[in-house]
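Thanks, everyone. Let me put the model on the screen, and then I'll walk you through the contacts.

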Amino acid sequence: MPPPIHQMRLTGRLGSGADEWSCPLCGRRIALRRPPNPELVVLDPGDEEAVHIGVLEPGSDAADQAAARYGVGPIQHIPRPPARPGQPTPEPDAADRRWLAEIGIDWDGDEAA
């Protein structure tokens, strides 16, 4: 049986300048830096048995052809990936909360430090 094919979505740009891609089916997340200094960093492995593909320009002829070729159907915009299946979304620990407060984010509803 061939491995499942998952379609990655471009979900944002990280502070490093790398593009963040995510898989809405398994939660895989990667940071992909484009040339001239290409780099790929796996942020969350998701389903490592699946083949992951991604398209930069949904709705373009190339995207539609790739979707048809790999049987993934029409490409749609998904703003953020879901939590990993079967795992709760983790709450920030004390160090994360301190950092959030330092940058002005009031996580718990109290006044930020």
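Start with Arg34 and Asp19. Their side chains form a salt bridge, with N and O 2.7 Å apart. Keep in mind that this is a predicted model. The pair links distant parts of the chain: Arg34 lies in the loop between E3 and E4, Asp19 in strand E2, and 15 residues separate them.

Are these two buried or exposed? Asp19 is buried, because its relative accessible area is 4%, under the 20% cut-off. Arg34 has a relative accessible area of 40%, so Arg34 is partly exposed.

Which residue joins them? Arg13 does: Arg13, Asp19 and Arg34 are linked in a network of salt bridges.

How many salt bridges are there in the whole structure? The search finds four.

The side chain of Glu20 meets that of Arg29 in a salt bridge, N to O at 2.8 Å. Glu20 is buried, because its relative accessibility is 5%. Arg29 is at 26%, so Arg29 counts as partly exposed.

Then there is Arg33 with Glu39. In this salt bridge the closest N and O atoms are 3.2 Å apart. Arg33 is partly exposed, at 27% relative accessibility. Glu39 is partly exposed too, at 39%.

E3 covers residues 29-33 and E4 covers residues 39-44; they pair antiparallel over five bridges. Together they form a hairpin, with five residues between them. Arg29 stands opposite Asp44 in E4.

Over to E1, residues 5-13. What does E1 pair with? On one count, E1 is joined to strand E2, residues 19-22, by four bridges, and the two run antiparallel. Gly12 has Glu20 as its bridge partner in E2.

Gln7 has Ile53 as its bridge partner in E5.

On to the cysteines. How many disulfides does the search find? Zero, over the whole structure. Look at Cys23, which is in no disulfide; the nearest cysteine sulfur belongs to Cys26, 3.7 Å away. Cys26 is in no disulfide either, and its nearest cysteine sulfur is that of Cys23. Cys23 is buried, with a relative accessible area of 0%. Cys26 is at 6%, so Cys26 counts as buried as well.

Last, the surface. Which residues make the nonpolar patch? Trp99, Ile103, Ile105 and Trp107 do, and the patch is about 430 Å². Take Ile103, which sits in the segment after helix H2, residues 94-102. Ile103 is at 46% relative accessibility, so Ile103 counts as partly exposed.

Arg13 is in the network with Asp19 and Arg34. Thanks, and over to you.

Notes:
Residues are numbered from 1 along each chain as its sequence is written. This is a predicted model: local features need pLDDT of at least 70, side-chain atom pairs count only at pLDDT 80 or more; totals for chains, interfaces and linings use all residues. Side-chain values use heavy atoms; hydrogens and water are left out. Two strands pair if DSSP finds at least two bridges between them. Patches are made of residues with over 30% relative accessible area and no salt bridge: like charges are joined within 9 Å, nonpolar side chains (Val, Leu, Ile, Met, Phe, Trp, Tyr) within 5 Å. Accessible areas come from the Shrake-Rupley method with a 1.4 Å probe; for residues, only the protein chains shown count as cover. Buried means under 20% relative accessible area, exposed over 50%, partly exposed in between (1.4 Å probe, protein chains only). A disulfide is a pair of cysteine sulfur atoms within 2.5 Å.
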